[in-house]
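I record here what I looked up in the structure shown below. The entries follow the order in which I examined the parts.

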Amino acid sequence: MKKVDVLLGLQWGDEGKGKVVDVLTPRYDIVARFQGGPNAGHTLEFQGHHYVLRSIPSGIFQTNQVNVIGNGVVLDPVLFAQEAKDLEKSGVDIKKILKISRKAHLILPTHRLLDAANEKLKGSSKIGTTGKGIGPTYTDKVGRNGLRIGDIDHDFKAKYDNLKRMHFNLLRALGEEPNVDELEKQWFEGIDYIKQFDLIDSEFFINKQLASGKTVLCEGAQGSMLDVDFGSYPFVTSSNTVCAGACSGLGVAPRNIGEVYGIFKAYCTRVGSGPFPTELFDATGDKIRQIGHEYGAVTGRERRCGWIDLVALRYTIMLNGVTQLIMMKSDVLDGFETVKACDAYEVNGKLTRDFPFSIEGDVKPVYTELKGWNADMTKMTSEAEFPQEFNDYVKFLEEKLGVPITIVSVGPDREQTIVRGK
């Protein structure tokens, strides 16, 4: 029986997972998304075109592969239909190559209203959600109130009305007077569109494919530092973004996990609220943001930027059992005389290299400075062209992280990807 390989982000999201899935997909028969929802935007660029995928797996452009939306994903019918129809316009035969788990949960119009109301209630302590209804949908899932794709064919309208009524009561208790009349029309049109797809028991599908010798790549959304259990709680997402989420989000046994690709940027970013020890509030942070075009793919929000955090990376590498590292956006640091890497924290005056329970409060990064490479890497096509200073940076990271960096990205296009050791 084949093992699934898992690809996920190791930081606070936006690491470049979409591009890497697209690059790696030719090696696999199936690409499966295992958690998250349309709050995650995976950006792909090739042949002069720019695409942002929110719910659909990033292997969708490699036409010979099957793509699966797993049970761990939450799906908004309206946003899904918009995304899928845009792909159809660009020539993707999406109904042929995309399958959707019957156990995936649906985001209702009222979930979005609850998301907004809950954020409003938090005031200055707000999490900084994308407002897509992700949190309330997972809340209903855990509370055993949710609607699933498979419910579409089983007394669906009655179940929908019952959950809507419950949500209306919650919203009124929060001081809101809900109205979803306009949203509902689009929502039910989205449901009708979903019915045209192959709706499957994805846990059986994936395991049968593995038993027949097929290869599967599991795609995560967000980043490991946003995991609901292990991230910088409460400033996290609502699902398990770490490797274990592939097991629960697709029905794969832990012993059937193979390679684990951990993706990280050569620096670090974060969107929304929450602690960020290496954040830069100066011209250097602004320069990284501008060169790296660090704005949210879904929200357009300005990303906070800082130097790479090796304390957090070692933590997420451990949690995920990472076997290979993939470094993204190396080219963004091309023009820096000096680059820095945080190898330890000073917490309440004490030095630590372990990620603490909380990184709020008195947490100061302890940096190692390295010489910058000051060269344009965007045109490079092989490892042999790397400047010595860049090789020194890669070697330093591998020594500190204990895992080989096998792929380096030197630009946004799928062609700007260099496999090391070739």
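Which residues in H2 meet which residues in H7? Before answering, I note the basis of these entries. This is a predicted model, in which local features need pLDDT of at least 70, side-chain atom pairs count only at pLDDT 80 or more, and totals for chains, interfaces and linings use all residues. Residues are numbered from 1 along each chain as its sequence is written, and side-chain values use heavy atoms, with hydrogens and water left out.

**Entry 1: H2 and H7**

I found that Pro77, Val78, Phe80, Ala81, Gln82, Ala84, Lys85 and Glu88 in H2 meet Gln186, Trp187, Gly190, Ile191, Tyr193 and Ile194 in H7. Contact here means heavy atoms within 4.5 Å. Helices (H or I, at least four residues) and strands (E, at least two) are DSSP runs, numbered from the N terminus. I sorted the residues of this contact into nine nonpolar, three polar and two charged. In that sorting, Ala, Val, Leu, Ile, Met, Phe, Trp, Tyr, Cys and Pro count as nonpolar, Asp, Glu, Lys and Arg as charged, and the others, Gly among them, as polar.

I then looked up the geometry: the axes of H2 (residues 77-89) and H7 (residues 181-194) come within 8 Å and cross at roughly 55°. H2 is therefore oblique to H7. Axes are lines fitted to C-alpha atoms, for helices over the stretch in contact, and angles run from 0 to 180 degrees between N-to-C directions. Angles under 35 degrees count as roughly parallel, over 145 as roughly antiparallel, 65 to 115 as roughly perpendicular and the rest as oblique. The crossing of H2 and H7 is left-handed, that is, the near helix is turned anticlockwise from the far one by less than a right angle.

**Entry 2: H4 and H6**

I next examined H4 (residues 109-122) and H6 (residues 156-173), which pack at an angle of about 15° with their axes 10 Å apart. H4 is therefore roughly parallel to H6. The crossing of H4 and H6 is also left-handed. On the H4 side, the contact includes Leu113, Leu114 and Ala117; on the H6 side, Leu163, Phe168 and Leu171 are among the residues involved. The residues of this contact divide into nine nonpolar, three polar and one charged.

Which residues of H10 are buried? In H10 (residues 283-292), I found Gly285, Ile288, Arg289 and Gly292 buried, where buried means under 20% relative accessible area, exposed over 50%, and partly exposed in between (1.4 Å probe, protein chains only). Because these residues cover an arc of only 100° around the axis, they lie on the same side of H10. The arc is that of the directions from the helix axis to the C-beta atoms. The buried residues of H10 pack against strand S13 (304-306).

H11 (residues 310-320) is mostly covered, with eight of its eleven residues buried. Among the partners of its buried residues I noted strand S1 (4-9) and helix H12 (388-401).

**Entry 3: Loop residues**

I looked up Glu177 in the loop between H6 and H7. Glu177 counts as exposed, at 59% relative accessibility.

A cis peptide bond joins Tyr233 and Pro234, with omega about 5°. Pro234 lies in the loop between strand S10 (216-219) and helix H9 (244-250).

Asp14 has a phi near 65°, a positive value in a residue other than glycine. Asp14 counts as partly exposed, at 25% relative accessibility.
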